[in-house]
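Please look at the structure below before reading on.

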Amino acid sequence: MTTVKQSRYEELLAEYCDHRGAIALLKQYRFYLEMIPSMRRPDESVITIPLPVVRVRHAKGGGEAGLASVKTTEAQMLFCDVAILMCDPEWKIKTGVEIFVFIHRPDEDFSDLLSRWRRTQMLLHQDYEWVMPHRYKHILNEAAEETYPLFVVFPDTPERIRRGLRGAGLPFVVQHVEGCDDSDAEEQAHHADSADPSEAGDFEDDQLTRTRLDSGDWPRGLDDI
């Protein structure tokens, strides 16, 4: 199996931490791009949270008849790489839409990648609130009405992963990481130059597209995916 390099994963994770990188990602998937409340004020409309944490609320019985139940909270890290929250720039409140980005990680096969979304779904079915970045502490951030996944894979991600996502009706984009991929190409060229010419066969370089979109049916929400 082709292994995704850690540097590629880290590069995309860092890119999507900024709202501009997140919007550039959503531009590759128009259905999600149209969920942004205001493209004129993108910095106030899109909140990105890398490796996000939520507080899950648990209700406990009062123990005696007539006593109210007590709610406790537990902080849990989600299994996605980036959460993209939509915010009304006028009212400073989070809208009911949340998008969860899953980047193909090194040594991760299809079942591992899909399991991260499924485990996220299980957590999101509970009562929760976000642990917000400090600059967004003032924004009301109750649980979402609609949650959506978006998977990011690489040109050399195994075909079975793309086939599996397509078959499951889960949206994904193929992302080319320019700097890291150039380094990989130089490394491969170095190995090719140092190899025994007698062992080399004829080959053609694959033409990699910069960015490619693929998906199943348009998802409507958590229960449709």
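A residue is called buried if its relative accessible area is under 20%, exposed if the value is over 50%, and partly exposed in between. By this rule Trp117, at 0% relative accessibility, counts as buried. The model discussed here is predicted.

**Aromatic pairs**

Across the whole structure, a search finds eight aromatic pairs. One of them joins Tyr32 and Tyr148 in a tilted arrangement, with 5.6 Å from centre to centre and 55° between the planes. This pair links distant parts of the chain, for Tyr32 belongs to helix H3 (residues 30–33) and Tyr148 to strand E7 (residues 146–153), 116 residues apart. Tyr32 has a relative accessible area of 0% and is therefore buried. Tyr148, with a value of 5%, is buried because this lies under 20%.

Another pair consists of Phe102 and Trp117: the ring centres are 5.9 Å apart and the planes stand at 75°, so the pair is edge-to-face. The cut-off behind this name is an angle of over 60 degrees between the planes. Phe102 lies in strand E5 (residues 93–103) and Trp117 in helix H5 (residues 110–124), so the contact ties together parts that are 15 residues apart in sequence. Phe102 counts as buried, with 0% relative accessibility.

The two pairs are set out below.

| Pair | Centre to centre | Angle between planes | Arrangement |
|---|---|---|---|
| Tyr32 and Tyr148 | 5.6 Å | 55° | tilted |
| Phe102 and Trp117 | 5.9 Å | 75° | edge-to-face |

Tyr32 and Tyr148 also belong to a cluster, in which ring pairs link them with Tyr29 and Phe31. A further contact involves a charge and a ring: the charged end of Arg119 sits over the ring of Phe79, at 4.2 Å from the ring centre.

**Cysteines**

How many disulfides does a search of the whole structure find? The search finds zero. Two cysteines may be described by their accessibility. Cys17 counts as partly exposed, at 29% relative accessibility, whereas Cys80 is buried, with a relative accessible area of 1%.

**A nonpolar surface patch**

Trp91, Ile93 and Leu140 make a nonpolar surface patch of about 380 Å². Ile93 is placed in strand E5, the strand that also holds Phe102. Is Ile93 buried or partly exposed? Its relative accessible area is 35%, so Ile93 is partly exposed. Strand E5 thus includes the buried Phe102 and the partly exposed Ile93.

Conventions. Residues numbered from 1 in each chain as written. Predicted model: local features only at pLDDT ≥ 70, side-chain atom pairs only at ≥ 80, totals over all residues. Heavy atoms only, no water. Phe/Tyr/Trp six-rings, centres within 6.5 Å; stacked < 30°, edge-to-face > 60°. Helix = DSSP H or I, 4+ residues; strand = E, 2+ residues; numbered from the N terminus. Buried < 20%, exposed > 50% of the residue type's maximum accessible area, 1.4 Å probe, protein only. Lys NZ or Arg CZ within 6 Å of the ring centre and 35° of its normal. Disulfide = S-S within 2.5 Å. Patch = residues over 30% accessible without salt bridge, like charges linked within 9 Å, V, L, I, M, F, W, Y side chains within 5 Å. Areas by Shrake-Rupley, 256 points an atom, 1.4 Å probe, with all protein chains shown as cover. Salt bridge = Lys/Arg side-chain N within 4 Å of Asp/Glu carboxyl O.
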